[in-house]
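Trainee: Can we go through this one together? I'd like to start with a side chain and its surroundings.

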Amino acid sequence: EDLSRDLHSIQCNLQDAGSVIATPDPSPEQRAQVAFSPDHTISLERRIDQLSASLPPLTNFILPSGSVCAGHLHVARTAARTAERSVVPLLDNHGGDVEVVFRYLNRLSDYLFTAARSSSHREGVEEEIYVKQQP
């Protein structure tokens with residue numbers, strides 16, 4: 001299935017992203033080994049567009065909900081946002097491709113959100129709409 005293939009690719013990319021972060025000032029030899037291609041982000045954006053094409057447009061905020069698979073994807077999305085925020089302090093003084101990794105993590109959380117919506121949609125589970133609660 002496409003989701004399994006996507007998640008496998010994402011796990012490999014995250015391993016590579018970790019190498020970038022773990023190598024703050026890479027030598028020329030290391031730079032080639034720990035390079036992180038912007039093409040990974042472009043691939044995520046393509047998948048977001050593909051998944052979005054089969055989903056109803058969002059007209060409201062939705063709550064993290066849906067199928068069991070969607071629930072797991074929403075939790076992963078939270079972890080991706082946390083990882084993204086933890087990379088921010090590295091942007092100013094870290095060598096290598098950390099900015100490329102940062103952009104990837106930003107798009108990853110968007111992919112996971114869209115994949116969660118897609119999973120629920122395929123399983124026929126309705127999204128829960130956010131409603132502001134009155135005190």
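Trainee: Is Arg103 buried or exposed, or partly exposed?
Mentor: Arg103 counts as partly exposed, at 40% relative accessibility. Buried means under 20% relative accessible area, exposed means over 50%, and partly exposed is in between (1.4 Å probe, protein chains only).

Trainee: What should I know about the model itself?
Mentor: This is a predicted model: local features need pLDDT of at least 70, side-chain atom pairs count only at pLDDT 80 or more, and totals for chains, interfaces and linings use all residues. Residues are numbered from 1 along each chain as its sequence is written, and side-chain values use heavy atoms, with hydrogens and water left out.

Trainee: Back to Arg103. Which residue forms a salt bridge with Arg103?
Mentor: Glu99 does, with the closest N and O atoms 2.8 Å apart. A salt bridge is a side-chain nitrogen of Lys or Arg within 4 Å of a carboxyl oxygen of Asp or Glu. Glu99 is also partly exposed, at 48% relative accessibility.

Trainee: Where do Glu99 and Arg103 sit?
Mentor: In helix α5. They are 4 residues apart there, so about one helical turn separates them. Helices (H or I, at least four residues) and strands (E, at least two) are DSSP runs, numbered from the N terminus.

Trainee: How many salt bridges does the structure hold?
Mentor: It holds 9. One of them joins Glu45 and Arg107, with the closest N and O atoms 3.4 Å apart. Glu45 is in helix α3 (residues 39-53) and Arg107 is in helix α5 (residues 98-123), so the pair ties together parts 62 residues apart in sequence.

Trainee: What else does Arg107 meet in a salt bridge?
Mentor: Asp110, at 2.5 Å, N to O. Both lie in helix α5, 3 residues apart, about one turn of the helix. Arg107 is partly exposed at 22% relative accessibility, and Asp110 is partly exposed at 22% too.

Trainee: Which residues are linked in a network of salt bridges?
Mentor: Glu45, Arg81, Glu84, Arg107 and Asp110.

Trainee: New topic. Which residues of α4 are buried?
Mentor: Ala70, Leu73, His74, Ala80, Glu84 and Val87. They cover an arc of only 135 degrees around the axis, which puts them on the same side of α4. That arc is taken from the directions from the helix axis to the C-beta atoms.

Trainee: And which residues are exposed on the other side of α4?
Mentor: Val68, His72, Val75, Thr78 and Arg85.

Trainee: What covers the buried residues of α4?
Mentor: The cover includes α1 (2-21) and α5. Contact here means heavy atoms within 4.5 Å.
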